[in-house]
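Here is a set of questions and answers on one protein model. Keep the sequence and the 3D view open while reading.

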Amino acid sequence: MAREDPAEALDDADRGKKLKDKVYLKELAKLHVELVNLQEWAKATGAKICICFEGRDGAGKGGVIKAITERVSPRVFRVMALTAPTEREKSQMYVQRYLPHLPAAGEIVIFDRSWYNRAGVERVLGFCTKREAKKFLSAAPLVEKAIVDSGVILVKYWLEVSPKEQQKRLKSRVNDGRKIWKLSPMDIKSYDRWDDYTDARDDMFKATDTEWAPWYVANSDDKKRARLNIIKHFLSLVPYEEVDRPKVKFPRRKIRRESAPNYYRKMVPELF
């Protein structure tokens, strides 16, 4: 189906400025419609789609994923954020724990951090050896080639945040009861390892930015713009079409009674 160019999504007057909530929500609503169209197309055609989000702590991965998934079915769009590996998983081939979570027909799987943990946080914080990290970078393109050859549409995003903006976001979590859970001991350990993460990112790009599974980098200092840009770009990569759906017509409803039941009910207090 025809889609507007991402660069033409906003008026020139809005570009380069802080995005207003009204403009953001209007554009996001349009993209949500397209994501639903994509969802129905995937269900109808049996398409398999996998999206990997990587980036430094505070880069905005969670916000992008929430923006993608808030209006679609969790049965189609599945978000995977794996916990630390068990002792058994540590003994397996490294990517083995990720493979069962790849999409089946009609599914779109989003990895909030993926097998690239080994190229980033594990390498920087010493959870794997240099040799293990190097072996991973050699093997990852081959594994991804097999994934793509199996029919999966694989899309990889790196969210690029500046040191100043990352510091602002991480420190904002300290006294915010809604965000404190996001501030993990790993975030604290990683805080002064900026250059190490930069080296790890660059090595990862050099080794795994392939023709069949390229990396796409999104500037994420402006969270709202990043979300719109990424969703728009992702939609442009998938050859989906709007699926014909029968027009909804509700039957005439017969209601015997609308009065309250004749038994006691524990009601929720109406405090608001």
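Q: Which exposed residues does α6 carry on the face turned away from its buried side?
A: Exposed means over 50% relative accessible area, buried under 20%, and partly exposed in between (1.4 Å probe, protein chains only). On α6, the face turned away from the buried side carries three exposed lysines by that cut-off: Lys164, Lys168 and Lys171.

Q: Which residues of helix α6 are buried?
A: This is a predicted model, where local features need pLDDT of at least 70, side-chain atom pairs count only at pLDDT 80 or more, and totals for chains, interfaces and linings use all residues. Residues are numbered from 1 along each chain as its sequence is written, and side-chain values use heavy atoms, with hydrogens and water left out. Helix α6 runs over residues 163-172, and its buried residues are Glu165, Gln166, Arg169 and Leu170.

Q: Which helices are included in what covers the buried residues of α6?
A: Contact means heavy atoms within 4.5 Å. Helices (H or I, at least four residues) and strands (E, at least two) are DSSP runs, numbered from the N terminus. The cover includes α8 (194-208) and α9 (223-237).

Q: How many residues apart along the chain are Lys223 and Gly60?
A: Lys223 sits in helix α9. Lys223 is partly exposed, at a relative accessible area of 35%. Its C-alpha atom and that of Gly60 are separated by 6.6 Å, while along the chain the gap is 163 residues.

Q: Which residues does Ala59 touch, not counting those up to four places away in sequence?
A: Ala59 is in the loop between β1 (48-55) and α2 (61-69). At 1% relative accessibility, Ala59 is buried. Its contacts, with that exclusion, are Leu159, Val161, Arg169 and Ser220.

Q: Where is Tyr94, and which residues does Tyr94 touch?
A: Tyr94 lies in the loop between α3 (87-90) and β3. Tyr94 counts as buried, at 16% relative accessibility. Phe136 is 42 residues away along the chain, with 8.1 Å between the C-alpha atoms. Leaving out residues up to four places away in sequence, Tyr94 touches Trp115, Asn117, Arg118, Glu122 and Phe136.

Q: What is the phi of Arg113?
A: Arg113 is in the loop between β3 (107-112) and α4 (121-124). Arg113 is partly exposed, with a relative accessible area of 22%. Arg113 is not a glycine, yet its phi is positive, at about 75°.

Q: How many helices and strands does the protein chain have?
A: Read along the sequence, the pattern is α-β-α-β-α-β-α-α-β-α-α-α-β-α. The C-alpha trace spans about 70 × 50 × 45 Å along its principal axes. The protein chain has nine helices and five strands.

Q: Which share of the contacts with a separation of 6 or more comes from residues 24 or more positions apart?
A: Buried residues make up 40% of the 272 residues in the protein chain. Among contacts with a separation of 6 or more, the share from residues 24 or more positions apart is 78%.
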